[in-house]
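This report describes the structure shown below for a reader who meets it here.

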Amino acid sequence: HGMAILPEGFSLPPVPYLVGLLVAAGAVAWAAARRRPAVTTARVLAFVPWMVLGSAIHVLYVAGALPDVARPLGGTPAVYAAVGTVGVGTWVLVDAAVEGAAVPRSLAASGGCLALGSVVWVGVAGASLSPVAPAAGVVVAAGLAGATWAGRTRAPPAGRATGTLGAFVVFAHALDGVSTAVGVDVLGFGERTPLSRLIIEFAAGLPAEPIIGAGWLFVLVKLGVASLVVWLFADLVEAEPTRSRLLLGFVAAVGLGPAVHNLLLFTIATPG
């Protein structure tokens, strides 16, 4: 059969939904290009609740809890495109309505309300929302990210140049690594992404597997890749701050989205 490149469950929505999504995304992109809202670190970080929202909606999709009319937009990659389009559209509207620090506050608050509602919905759909595994994963990831960042900032200019966004990139990917390791080694879940699965299977074949499990190598790879990205962006941030902040935000989302998806899924699903 050959090895699959895309994660399991990756599929495009039906044509009417796909066309509607593309039209909406195009309209929002056009509006953003005309408005050209300032891209600051605070504004990029204000999208964190929107990242959580996308992950929560996808968990609802996996759990079969979305209404039929919305279900085609709950799979990957449609859910992230849809939430991203609404999020950027909200950013453009907020930027036109308020000024200064009120922009990231309003953007984060609107996304936060939607994210909180969707997480509660996940709990209702699963009839339980146990916070123990997610909370433990966040604590461990924060510790690993903090230690990695401390080492990273001792090698200027990477830490100083990328600042809070750089630290968030490291944390987001640490959380993805830790949540995956918890799922594989503690809860008995399988990994859906082919490249990640290869790394985990390699670690599972090592002599240390019975003692420390198979997820540790994936955590190290994620921390290493995130650190490398931050280092590569060190010079670009000063030369092209707007593009660099947007790209760092995207890189963070690629880690945080799957991490939050993992943690929410662990609270309602049984291993399989």
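The protein contains 11 helices and two strands, where helices (H or I, at least four residues) and strands (E, at least two) are DSSP runs numbered from the N terminus. Along the sequence, these elements follow the pattern β-α-α-α-β-α-α-α-α-α-α-α-α. The model is predicted, and local features need pLDDT of at least 70, side-chain atom pairs count only at pLDDT 80 or more, and totals for chains, interfaces and linings use all residues. Residues are numbered from 1 along each chain as its sequence is written, and side-chain values use heavy atoms, with hydrogens and water left out.

Of the 272 residues in the protein, 42% are buried; buried means under 20% relative accessible area, exposed over 50%, and partly exposed in between (1.4 Å probe, protein chains only). Among the contacts with a separation of 6 or more, 77% are between residues 24 or more positions apart, a contact being heavy atoms within 4.5 Å.

The table gives the length and span of two helices. The expected span is 1.5 Å times one less than the number of residues.

| Helix | Number of residues | First to last C-alpha | Expected span |
|---|---|---|---|
| α4 | 20 residues | 28 Å | 28 Å |
| α5 | 25 residues | 36 Å | 36 Å |

In α4, the buried residues are Ala78, Val79, Ala82, Val83, Thr85, Gly87, Gly89, Thr90, Trp91, Val92, Val94 and Asp95. These buried residues pack against α1 (15-35), α2, α3, β2 (76-77) and α5. In α5 (residues 102-126), the buried positions include Ala102, Val103, Pro104, Leu107 and Gly111. The cover over the buried residues of α5 includes α2 (41-45), α3 (48-62), α4 and α11 (241-268).

Asp95 is located in helix α4 (residues 78-97). Asp95 counts as buried because its relative accessibility is 11%. The side chain of Asp95 makes a polar contact with the side chain of Arg43 at 2.9 Å. A polar contact is a pair of N or O atoms within 3.5 Å; within protein, one must be able to donate a hydrogen and the other to accept it, and residues adjacent in sequence count only if both atoms are side-chain atoms. Leaving out residues up to four places away in sequence, Asp95 touches Arg35, Pro37, Arg43 and Val103.

**Helices α10 and α11**

How do the axes of α10 and α11 cross? The axes of helix α10 (residues 216-239) and α11 come within 7 Å and cross at roughly 155 degrees. Axes here are lines fitted to C-alpha atoms, for helices over the stretch in contact, and angles run from 0 to 180 degrees between N-to-C directions. The two helices α10 and α11 are therefore roughly antiparallel to each other, a term for angles over 145 degrees. On the α10 side, Val229, Phe233, Leu236, Val237, Glu238 and Ala239 meet Pro241, Arg243, Ser244, Leu247, Leu248 and Val251 of α11. The residues of this contact divide into nine nonpolar, one polar and two charged. In this grouping, Ala, Val, Leu, Ile, Met, Phe, Trp, Tyr, Cys and Pro count as nonpolar, Asp, Glu, Lys and Arg as charged, and the others, Gly among them, as polar.

**His173 and Val251**

His173 lies in helix α7 (residues 158-186), while Val251 is in helix α11. His173 counts as buried because its relative accessibility is 7%. The side chain of His173 reaches the backbone oxygen of Val251 at 2.8 Å. Apart from residues up to four places away in sequence, His173 touches Lys222, Ala226, Val251, Val254 and Gly255. With neighbours within four places in sequence set aside, Val251 is in contact with Val169, His173 and Val229.

Gly137 belongs to helix α6 (residues 132-153) and is buried, with a relative accessible area of 3%. Setting aside neighbours within four places in sequence, Gly137 is in contact with Leu175 and Val178. The C-alpha atoms of Gly137 and Val178, 41 residues apart along the chain, are separated by 6.1 Å.

A cis peptide bond, with omega of about 5 degrees, joins Thr76 and Pro77; Pro77 is in strand β2. Arg36, although not a glycine, has a positive phi of about 50 degrees. Arg36 lies in the loop between α1 and α2 and counts as exposed at 67% relative accessibility.

Conventions. Angles under 35 degrees count as roughly parallel, over 145 as roughly antiparallel, 65 to 115 as roughly perpendicular and the rest as oblique.
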